[in-house]
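Hi,

Here is the structure I promised to pass on. Have a look at it first, then read my notes below.

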Amino acid sequence: MASIDYHKLSSALSENGRLVTDPAGYEAYTHDATADTGVPGAIVLASNANDVRATVLFCRKHNLAIVPRGAGTGLSGGCVPSEGALVLSTEALDDIEIMPDERTAVCGPGVITRDLIDAAEAVGLTYAPDPASYTESTLGGNVAENAGGLRCVKYGVTRDYVVGLQAITTDGSTINTGWFTERPTFEFGELLIGSEGTLAIITSIAVSLIKPIGRGTTILAAFGEPSDAARTVFALRRAGLVPTVMEFMDGDAINCSNAYEPTEGLHRAAALLLFETDPRHHDMERLIESICTDNRCTVLRAEPDPHRAEDLWRVRRNLSRAITDMAALRVSEDVAVPISRFADLVAFVDQMNHSSDYRINTFGHAGDGNLHVSFLSQHDTSRDRENIDSLVEILMRKTIELGGTLTGEHGIGLAKRRLLPLEFDPPTLQFMRRIKDVFDPTGIMNPDKIFPV
Ligand SMILES: Cc1cc2nc3c(=O)[nH]c(=O)nc-3n(C[C@H](O)[C@H](O)[C@H](O)COP(=O)(O)OP(=O)(O)OC[C@H]3O[C@@H](n4cnc5c(N)ncnc54)[C@H](O)[C@@H]3O)c2cc1C
């Protein structure tokens, strides 16, 4: 890697494009929100699509791995650099163009998710996907991971809103799909959604906007047993009730949040559900409360005022930071199961927590069977990491047995690639690899991600 002459790349970039080769300048680019790190050879902060093209052509010429990067909030190591790789950041490609009459926005991949929501709301529309990281994550990262979010139980995930993509492949070609073509179909661009930066660099994203969703009533329901909360989730879905938000937290996750900032009445709760009702469904509040009561909830609070409801949401909003603060090492997994098996998975995690030396807790977007499981250790040694890897594998095997998937929304990345064969058989994996080879015949696009070694 030392023999690479980066000056040629530097001179190929536009005036605002930047090349960073001094390690002191790129610590923030060595990791995402997981515990994994890698040392890159250089960072390019692209300022437009031409910078992206110049960079991929340079990397192709030098057979240098490229790791695309947005805001680095990923939870599967997707943008963690391979040793000596070039990290290509698209965070500065942050233009937003809204076409209210078309209910469409065309955005650079570096647009922060909340900035798009704010820009859409300024013209009386909104963008529905809302990952909990939406104040930091970029749309490029959202598309590459097919991000979900709190409102996704009702409004769907990122894939449901992308109507076109522009991307640059490693031979410098621009792929135009959907909105960016004269043709009405978009099937081809679908391949890029959830591709975790392994196929091409996304340089422009067209998304559909919808009418503002409006705020419903927030309901907090606490339970004495995790199984009661999990059964409530299934009962609500069976009754055909789809709130805008339906979040689950187990007792240990509540304890972490309470230690960070206490929420009144939750000190003994073994599980919690937080809902926001659909404001168009006038009877929803009563129906949710009645199902919670039937399933033995111990605390029930409702708050119709969105500002005062923030007090109830705090317990969820603080959670990620609160759990991270609890331990020297946190390994966070996201799995998803069919909603009819949600209670089984919650019970399994509870049992793992009780029988393990490590603290294990869970929370997640319950409405779509999505659970984030955190494994916490008071020490960060290689032994702890190995032990937690074994526990993660036990969790993944159980998830697959329940008919679920290794990732509900965070992707496979670096973190779960060793486990991918649990979910996909060899012919399917081989077929996926062949698709990658079509986009990236020399294997330089985010090479250490998704596929098992
Ligand atoms: C506190 C917290 C809460 C979170 N909540 C949620 C949640 O509710 N739902 C959810 O789905 N996720 C959640 N996440 C995970 C994360 O925020 C999402 O995966 C998000 O989509 C990542 O966006 P990013 O810009 O940070 O991408 P990065 O982490 O920078 O990259 C993620 C992946 O996208 C690829 N990529 C980035 N930009 C491009 C591009 N221009 N072209 C091609 N590939 C690209 C990278 O190579 C990498 O594989 C959360 C994370 C945190 C820390």
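G403 comes after α13 and has a positive phi, near 85 degrees. (Helices, H or I with at least four residues, and strands, E with at least two, are DSSP runs numbered from the N terminus.) Before going on, two bits of housekeeping. Residues are numbered from 1 along each chain as its sequence is written. This is a predicted model, where local features need pLDDT of at least 70 and side-chain atom pairs count only at pLDDT 80 or more, while totals for chains, interfaces and linings use all residues.

Back to the helix: α13 covers residues 382–401, so 20 residues, and its first and last C-alpha lie 29 Å apart, close to the 28 Å expected at 1.5 Å a residue (the expected span is 1.5 Å times one less than the number of residues).

Which residues of α13 are buried? They are D384, I388, V392, L395, M396 and T399. Buried means 20 or more other C-beta atoms within 10 Å of the residue's own, exposed means 12 or fewer, and partly exposed is in between, with C-beta atoms placed from the backbone. Down the axis of α13, the buried residues fall within an arc of 110 degrees, so they line one face of the helix; the arc is that of the directions from the helix axis to the C-beta atoms. Turned away from that side are the exposed S382, R383, E386, S390, I394 and R397.

Finally, the chain splits into domain 1 (7–89), domain 2 (96–208) and domain 3 (218–401), with bounds from an automatic or database domain assignment.

Cheers
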